[in-house]
Amino acid sequence: MTPTTEDLLFHTLAFLATGSALLVVMMTNPIYSALFLALSMSVLGLMFFTLEAYFIAVAQITVYAGAVMVLFVMVLMLFDLHKEHEDILRVTPLNVSKLIAIGALCGILVGVGLLKAPHKEDTLRKTEAAITQTLDQDVTSDASNELIVAETKSEAPVEKPAMTDEPTKTLAKALYTRFLFAFEVLGLVILLVLVGAVALAKSKGGTHHAAH
Amino acid sequence: MGDTTVELIVNAIKIAVIFISIVSTVPLLVWVERRGGAFIQNRLGPNRVGPLGLLQLAADAVKFIFKEEFIPDRAEKVLYFMAPGLCLLPSALTFAAIPMGSPIEILGFTIPLQIANLDVGLIYILGVASLGVYGVLAAGWSSGNKFALMGAMRAASQMISYEIALGVSLIGVLLIFNTFDLNQIVALQSGPLSFGFFGNPVVISFLPNWGIFYQPLAFLLFLTAAFAETNRLPFDLPEGESEIVAGFHTEYGGFKFNMFFMAEYGHMITSSALIATLFFGGFGLPFVTDGALREFFNSQYQALSFIPLAQADLVSVLTAVTYLLSFIIKTGFWLFFFIWIRWSLPRFRYDQLMDLGWKTMLPWGLVNIVVTAIMVFYSQYKAV
């Protein structure tokens with residue numbers, strides 16, 4: 001099987017993305033970590049290009065790699081890295097309690113995941129049984145109907161819009177008509193975050209706060 | 001990249017040619033800057049090396065290549081080496097999406113005169129231009145020098161602020177042209193000024209159908225934001241001599257410094273090309289539509305029949321060359337405008353600069369969007 005251009009492109013981009021994501025956690029210098037994260041996000045954007053989702057690809061590169069990570073890198077560059085490194089590793093009650101809290105959070109997440117699994121399987125089996133029952137016997141009894149309605153009401157399938165020639169325009173129309181409320185609420189949430197960040201920075205005196 | 005081998009080879013040659021032509025336009029630009037700036041300031045400029053000082057740049061290039069390559073003691077070596085390349089990457093990538101002429105159809109092959117014909121060309125350019133901050137930050141931080149870091153921070157915050165003004169001014173343009181594709185934007189700017197006004201078509205025959213007549217405020221905002229994005233005077237603070245030594249490229253010498261120069265001039269070339277494409281008709285000729293030009297060349301075929309090409313091929317080559325020349329002239333004019341402004345205006349102070357970006361240009365950009373949207377909606381005012 002000869003490799004096509006799409007194969008080559010996909011494997012190269014996938015290797016780059018996973019490699020740089022791995023290097024984010026393997027680098028000792030946090031600025032290199034942030035730069036590798038920016039690289040992995042740009043490569044994800046390129047993968048969106050190969051999937052013909054052009055607008056999302058460009059939005060990914062503009063927002064994530066070009067704005068979010070830039071601000072991260074800018075802030076990281078203002079720290080004294082050696083001092084921060086020492087501060088993190090020093091054994092103080094605060095650092096130990098931080099470690100315990102992180103461990104507890106991981107335990108909670110894993111426990112919830114394990115606990116929910118049988119419940120999901122049960123629901124799935126019941127739905128399958130109900131559907132095969134109605135298909136085989138063509139029985140329209142109230143009991144099986146109720147079961148199907150109760151099971152499928154919680155997961156109403158969203159209809160997928162057809163692929164068109166102008167994906168950006170279709171996306172824009174859906175965003176501004178069907179999802180307008182969510183869009184506006186998200187904008188307000190971001191505004192809240194912005195105001196909160198400015199208020200926090202002002203109350204602590206900015207970067208010249210005499211902590212040490 | 002192309003399915004057949006021939007297309008692959010043609011694309012590779014095109015990429016090499018366009019990249020090399022950008023890189024070799026830079027010495028010409030530097031010559032124009034030094035002699036033109038000297039003319040504006042009533043002095044002579046370099047005139048010893050070669051006629052009119054034209055070989056000065058060759059001498060400078062030789063000097064840069066033979067200079068000692070040093071690394072400061074406290075520098076981060078990997079980022080220090082990568083930073084000039086990181087600066088050059090976005091300006092080269094952005095130029096890839098700009099169309100320089102109509103496609104040449106020759107011997108059965110179609111060769112478009114741009115590297116990548118993207119459907120989302122306009123926001124691709126915005127997105128990749130926002131990656132230019134990384135090179136500046138990496139250069140400033142990896143130098144291990146406080147002045148370089150401060151220069152990098154100032155440059156980064158300036159570039160981020162004016163990216164917003166850049167994007168907001170382009171939304172008005174988008175509303176008028178209704179497409180992201182730069183080829184279609186150029187095609188919509190052909191012929192005399194004609195639009196619909198409350199359902200009636202209006203034709204103003206003494207003005208060409210250019211974007212600047214539809215969006216004058218967006219043009220001003222885009223021009224100013226482009227100056228700020230390329231760190232050119234009057235937004236020169238990040239590299240202002242007499243302010244912070246040389247800003248983010250203080251600790252760079254020799255060939256790496258040359259690469260920063262090339263990156264800045266590459267940004268200038270891309271910004272001028274974008275201004276020409278969006279607001280001045282791109283590679284098209286004013287008042288002349290594509291069909292009219294091809295008819296003209298078809299009628300002149302008898303005079304040119306000594307060239308051994310089929311008629312359709314020859315007409316396509318001639319129109320592409322005419323468009324390329326038009327594009328070069330327009331971009332050249334705006335490059336000269338960049339240089340002209342640099343030698344005429346003083347530098348902004350940092351807080352004045354940030355005030356201008358956030359408190360003046362952003363609100364005016366939003367006003368532009370609202371007014372444009374109202375006009376488009378109520379009077380069917382769009383480029384026909």
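## A loop residue in chain A

A:E52 sits in the loop that links α2 (30-50) to α3 (54-76) of chain A, where helices (H or I, at least four residues) and strands (E, at least two) are DSSP runs numbered from the N terminus. Although A:E52 is not a glycine, its phi is positive, at about 65°. The residue is partly exposed, with a relative accessible area of 49%; here buried means under 20% relative accessible area, exposed means over 50%, and partly exposed lies in between (1.4 Å probe, protein chains only).

## Basis of the model

This is a predicted model, in which local features need pLDDT of at least 70 and side-chain atom pairs count only at pLDDT 80 or more, while totals for chains, interfaces and linings use all residues. Residues are numbered from 1 along each chain as its sequence is written, chains are lettered from A and ligands numbered from 1 in the order in which they are written, and side-chain values use heavy atoms, with hydrogens and water left out.

## Chain A as a whole

Chain A contains eight helices and zero strands, so that from the N terminus on its elements read α-α-α-α-α-α-α-α. Of its 212 residues, 17% are buried, and the chain exposes about 16,500 Å², with carbon and sulfur atoms supplying 72% of that area; accessible areas come from the Shrake-Rupley method with a 1.4 Å probe, and for residues only the protein chains shown count as cover. Among contacts (heavy atoms within 4.5 Å) in chain A between residues at least 6 apart in sequence, 44% join residues at least 24 apart.

## Chain B as a whole

Chain B has 13 helices and four strands. Along the principal axes, the C-alpha atoms of chain B fill a box of roughly 65 × 55 × 50 Å.

Buried residues account for 51% of the 384 residues of chain B, and its accessible surface is about 17,800 Å², of which 71% belongs to carbon and sulfur atoms. For contacts in chain B between residues at least 6 apart in sequence, the share joining residues at least 24 apart is 75%.

Just after α5(B), B:G144 adopts a positive phi of about 70°.

Further along, B:N178 lies in the loop between α6 (146-177) and α7 (182-187) of chain B, and its phi, near 65°, is a positive value in a residue other than glycine. With a relative accessible area of 46%, B:N178 is partly exposed.

## The interface between the chains

At the interface, 24 residues of chain B are in contact with 23 residues of chain A. Together the two chains bury about 2,000 Å², 78% of it on carbon and sulfur atoms, and B:Y134, B:W141 and B:M153 supply 30% of the area that chain B buries against chain A, more than any other three residues. Buried area is the accessible area (1.4 Å probe) that two parts lose on being put together, summed over both.
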